[in-house]
Structures are given as structure tokens and as C-alpha cells.
Number of protein chains: 2
Amino acid sequence: MSGPLQGIRILEIGHFVAAPFAARVLGDLGAEVIKIEPPGGDPVRQWGASVGGHGPWWSVHGRNKQCMTVNLKHPKAKKIVLDLAATSDVLLENFRPGHLDRFGLDEVTLRTAKPDLVITRISGYGQTGPGRDRAAFGVIGEAVGGLRYLTDHAPGVADLPPVRTGISLGDSVAGLYAVIGIMSALWRRDSEKSSASGKGAHIDVALTEAVLSLLEGVLPEYGTLGKIRQPTGGGIATTAPTNAYRTKSGRWVLIAANSDPLFERLCTMMALPELLEDSRFASNQARVAHTQALDAVIQNWTSQFDLAEVEHMLAEYDIPSSRIFDAADCAADEQFRARGMVQEITDPLLGKTLHPGVVPRFEENDAPIRWTGPAIGAQTDEILLGMVGFSEDKIAALRKEGVV
Amino acid sequence: MSGPLQGIRILEIGHFVAAPFAARVLGDLGAEVIKIEPPGGDPVRQWGASVGGHGPWWSVHGRNKQCMTVNLKHPKAKKIVLDLAATSDVLLENFRPGHLDRFGLDEVTLRTAKPDLVITRISGYGQTGPGRDRAAFGVIGEAVGGLRYLTDHAPGVADLPPVRTGISLGDSVAGLYAVIGIMSALWRRDSEKSSASGKGAHIDVALTEAVLSLLEGVLPEYGTLGKIRQPTGGGIATTAPTNAYRTKSGRWVLIAANSDPLFERLCTMMALPELLEDSRFASNQARVAHTQALDAVIQNWTSQFDLAEVEHMLAEYDIPSSRIFDAADCAADEQFRARGMVQEITDPLLGKTLHPGVVPRFEENDAPIRWTGPAIGAQTDEILLGMVGFSEDKIAALRKEGVV
């Protein structure tokens, strides 16, 4: 009743987004996650909106984790981390390359504590190479990975900067790749079907590279043809019409009527059958060449109706479409609710709130949200007593010395 | 010498982006991937730019896979697929829910062929719930998942539609979650550390849900405070300055000087020490409240210099920054090259081209790109002879009947 990864223990020494996000995904699927934070806590606890000093984001970001504080700078911290590593399957971190080594937590020492440990590091540019030490925030990873260039209107349309996706996308995608690396390494280590069973691993995920790996044909098209992919705003370069159109109420609706039969239905729905006789719109190729004119016609039509009216008509004509969901739309969506993907949760620190469900969904649906993001150091004693076997007196002494 | 997933066989009955992308990631890490396509081939082979009918995207999307054709509509196809499923660890598909059942390839039948098969399905809205049958393209998944709303300028800045990220992001993220599900299920099945070892799985990934799961605090902030997260263009709502700024040459540079010491260095670099005395910019909170004015000052400064000059100065003052990379920048990047993340590859169908490397990177770097995307049906005979044990005569007969 607690997910496919029951039996795996993850030691997270992460902060901000990438490593903690990866650990959340693993915890969602049933892994046991021990998060080590400095005594002041992971700064992400305060990011975004806040209620009495507690961030709703943290409620999700820290869920299903056990949180303990360790001051890594204290000389006695090293042994605690090694004791925990010895009982863990995975160590997951996202400091700058080499940072943990400074506290004596280099790979050789970690392997002495646990020879087959799966050491997983997430960083901006990777653990090796001439650029490994550069400062990298998520936005930089997205820019270097080639995504930010494409998240923009077509050249010449607007003199505004290319937008962020609006979320920490580079961190999240790097986190997902880290989870893939971890589960691949654990399968290799634990399966007799693997010819390298018993073997640990050292996994090295860079934000820049995680983003680059999603870029479809951008790199081979440049390599083969010298073609530099350009941004295309709300549309798609190779098919039309597909874009977002504003309705009378100001809300945007997405319409993807980019096949001949769908385009016919769209023209019938708009009561503009003359478009079907117009040579500019006679084929996908023609429509792509005249996208701007076509989008203007559709925009003119949608702006006459409220969002609900437009949605109703599009559904009636079975044209792939959707309003552009904001947070309230996501929260209210019947399909998300039916599949447990929007869940009403009571967080002891926040009260009633909403959480996204567990992805990927296993059919037996056996990965519940066990608890929300705990307070700083909430499980420090429990972990030191139970997993490392320290006495209460010893823990009290460590606390006095500022180690935990 | 061929990746951590050597020993795993994936049967891909996928098309377009999501399932084939997931299979690419698994193949990159050493899994054996058998891709079943209709006799006309996966339409994605023609997507994007093309050289003599061969798409550079396909070179990457199909790499490390063995491709065979099967006409699923033919009554004799079912047995071939079941024979292949019987020797596979995973079946991965992304048809509309229920589509494979129509060819007799329902779950019960698949499990008869291979009881512990890991069946993985990717769809727009998921396999269950009132909305499961809706048409879903990637752009719709991104809109329903709440991302498209945020990939936009702040309300009132421009009357332009919110942009796509520029790539099939919803498909790719759903693909990554599918890989996580697959590896979690295989670990559970094959590890003695799991209390459910030997058990297969049925994994159900929706594009909409994969996107929703990345949305940081959007859902809990709405659930707790009723706050609807708004887009913020090139900036970040909670910190400043961080944005893209245009240089004299027209190219954009990203500057993230959003801490007090970084902001000080930026002002010194711009030779505008008076900004440090300006109460509007005296703290992060103050800078956030006056982002527009601050961005205008920085924009005015960057527009006086060419990209290379601005980059040089930012590096000298150690301010986190980067040009916004286009395809040519990615291809030329020293760090990507040093880490094998941009690789020169010869594709028999295209000639010399460039591929992104394998992510996540294992330290031993034992996951080479073995081959580029094969031609349609290139391995049909080899697979039927070697894996299913058909004779050459039988294969010839099946081909004559239009089954393969």
C-alpha cells in the first residue's frame, strides 16, 4: 500500500529545486527519503507565497520526506552523514561540483561507507569539463540548453524578451533525468538479469544537458542543414491553424484544427464556408504559408464570443481545443479530480490545501500522499535514534554543539 | 560497454513523440528497443526539416532502436505482437485509450503471453475518468496542465498569445515520467529487496498530469490562498534583476544579478554607482517592486554593446549570465563538446550530422550512441527470424499478405 519503490532509501542532501524535486518523485512512488538540511532549513521553504512563514510550495516539495538538520560545516557532521549513507541506497545532491568533498564527503569516502551506493549529482553544467565551475541558475540552464531561444514570438513580432516557461523547468527536467538514472542504476545493481549486478553508480546530470536532450531535431537539423530553428510564438512552424485565440471575455482558447477535415469543421462552425474555397487555405502547406492571415480570421471570430460559448461550439464540432487553464481551472477540473491528480489535503502547517497527485500513476494506485512537507528538523531525533542508533544523550550533546 | 539497461527489452508500439521519446531514453541507456510501425512508418519520420525524405529529427528520435513493420489491422498481426511481448519486459504505447484492445491486444491477452509484463500507456488525459476519450495533442496537454498560461508576458504587457515553449514539452515530460514508471516497475519486479518482486505493472501516464506535476506551488497556493499564479514574462516574480536584455547586435543576454552582492557588482560594471544609493533598488524586495524601471536601466546599458562585449564584461565581474543559445551556439559549445553532449555522427541516411549525447550521464560513460534512426522496417526480418523464430518462407508469406 505504499508504492513500487518501497524498500529503497534515498539520502537527499539537496537544496532549492532540482535534487529535492527528484527526491519528491521518488518519495511519491514509495521510496523512503531522508532530507538533510542546514539548521536554517532549505531556502525553498520560504519561496513563493507564504502563510505564517510556511510556503504552500514546500507542502508539495517536501511531502513524503523525513527532514533532519545537520550542520555540514561542523567536524562531527561527516560521521553522521556517512552513517546514514551506509544504510542508504542512493545519495542525491545538487551542490556546486566539489562542494561535498570539502566536508570530507568525497566519493572514495562515501564508497568506504557503502560500496554500492548510487551517487547522483545534479549541477548546472556537469561535474567535468572546462565549464563545470560556472555559476548556474535554472534560467541559465534553460538558456544554454537552447530552450529559452525558442520560447518566444517569431522574429520581428515583438520587441520583448523571450519568456521563461514560468516554472523552474530546467531544474525539474534535470530532476526527472536524475530519477531515471537512479532507477536505472538500482535495477542494474539489484537485478540478476543485469550482467553488472551488485555494481553501484555515479550519475552526473547537468541542467543544460537535460534541456538540450529535449530539443527534438534542433541539433541534427543544424548539423545536417545549417538551419537554426527559430521561435514561432503560439503556433507551430509546420502546421496550421494551431494557436491560442483571445475570446470576448479576454480568456484564451487553444484551437488545433490542423488537418483538412478539422479545418473544414472549423470553417463550418465559424459560418465561413468561403475559407474552404480560398486557395490560401486549401492545404496544410498553403495554410502554413498564410498563417498570419488565417490566425487573424479565427481571432476575429473568437473575439465575438465569451470563453464558454466558444468552448461549447468547439466541443459540438469535435475540434481539438481547450481553454488555457489557470490554477483555478486546474483545481476544478473533473478529470484531474476523478484520477486523484488534484487532491484535497490537510497540511498541519497550512490547513486545507490542494496537492497534485502522484505521477506516473500505477494502475493499482498504491502510492498515496503520506504526509505534507514537514517542519525543519522534524525527524532529526527519530532518524538518529532509529537509523544510526545514537542515544538520546548523544543527540542532546550534538544539538548543544550545533552539529544537528 | 552498452549502458546500465543492457538486458532489458522494450516493445514500442508508439508513434509521434511521447512513447518514442521514452523509448529513445531507454535505448540510450542500453535497453534493447523493438519499434513496431505501420508499413508506412511512424509519421514523425517526416516531421521537421527533411533531406531526401529523411528527417534529421528521426536520426535522434529513432536511434538505438530496431524497427519492424506490422500492420496491426491484419488478423495475423496479433500473434506476432504477442510472440514479441512474450520475450519482452515492457510494452510501451501511446494510442488513444482502448485502441490496442480493438486488435485483440487487451491487457488480459497480453498477460497471458507474458504474465509479468510492464504495460505502459501514455495518453492525453489518462486511461480512466470522464475525459479519457478527448482528443489531445501536445499543445492541449500543456494548456490543460497549466503551463501555457504561465509561458507568457505579464498581464497587460502585450496583446499576443501565450507562446509554446517551442518544443513538444508535454510529450517529452510525459515520456520521462513513463521511463520513471518503467524503471520503478522493473526494479520492483526484479529486485529481492522489493516485497512485491515478480510482479508486473500497468502504468498510465497522461500528458496533462505530467505537466501539472511540475507546477511548483501553483496548486497549493491556490488551495490555501485562492491565489492564481500569473505569468511574469522574462522575469521572476520574487527576485530582481533577472531577465533577458537585448544587446546592440540584437542578440539577447540573460543576466541574473538577483542578490545584493551581485547587484552591487552589476552597478559597478555598468558604471552606474548611483543605483546603489537609489531607494527603489536598495533590497531585493524594493527591486522587485520596481522591476520595470530597473530592467529599463539595464536594457539601456546592454543595448550600447555587442553581445561579445557584454558577455566579456559580465564574465569579468563574475555575474551569473549567458547569451541565449541558438542551435549554432549549442553546437559550438566547448562544455557540451567536452562532455560528449554534442556529438558528430554519420547517419547512413543523412550523412554527417550532430546528435545530443546521452542523459543522464553515468560516470563510466558506457552508453554510446550505437546507431542512428533506421529506415522503415530495416530489422523486420532479423527480428522475426531471431526473436520469434519464424522461417524465411513464413516471413515472405506474411509480407505477401501485407501483415509485415
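Colleague: How much area do chain B and chain A bury between them?

Modeller: The size of an interface is often given as the accessible area lost when the parts come together. In this predicted model, chain B and chain A bury about 12400 Å² between them, 67% of it on carbon and sulfur atoms, where buried area is the accessible area (1.4 Å probe) lost by two parts on being put together, summed over both. Of the area that chain B buries against chain A, 6% is supplied by Trp187(B), Glu216(B) and Gln335(B), more than by any other three residues.

Colleague: How many residues of chain B are in contact with chain A?

Modeller: Contact means heavy atoms within 4.5 Å, and 144 residues of chain B are in contact with 144 residues of chain A.

Colleague: How many salt bridges does the rule find across the interface of chain B and chain A?

Modeller: A salt bridge is a side-chain nitrogen of Lys or Arg within 4 Å of a carboxyl oxygen of Asp or Glu; the rule finds 14 across the interface of chain B and chain A. One of the salt bridges joins the side chains of Arg339(B) and Asp204(A) (2.8 Å, N to O).

Colleague: Which residue stands opposite Asp204(A) in strand 12 of chain B?

Modeller: Strands are DSSP runs (E, at least two residues), numbered from the N terminus, and two of them pair if DSSP finds at least two bridges between them. Strand 6 (residues 201-206) of chain A and strand 12 (residues 361-362) of chain B run antiparallel and are joined by two bridges, with Arg361(B) standing opposite Asp204(A).

Colleague: What should I keep in mind about numbering and confidence?

Modeller: Residues are numbered from 1 along each chain as its sequence is written, while chains are lettered from A and ligands numbered from 1 in the order in which they are written. Local features need pLDDT of at least 70 and side-chain atom pairs count only at pLDDT 80 or more, whereas totals for chains, interfaces and linings use all residues, and side-chain values use heavy atoms, with hydrogens and water left out.

Technical notes
Helix = DSSP H or I, 4+ residues; strand = E, 2+ residues; numbered from the N terminus.
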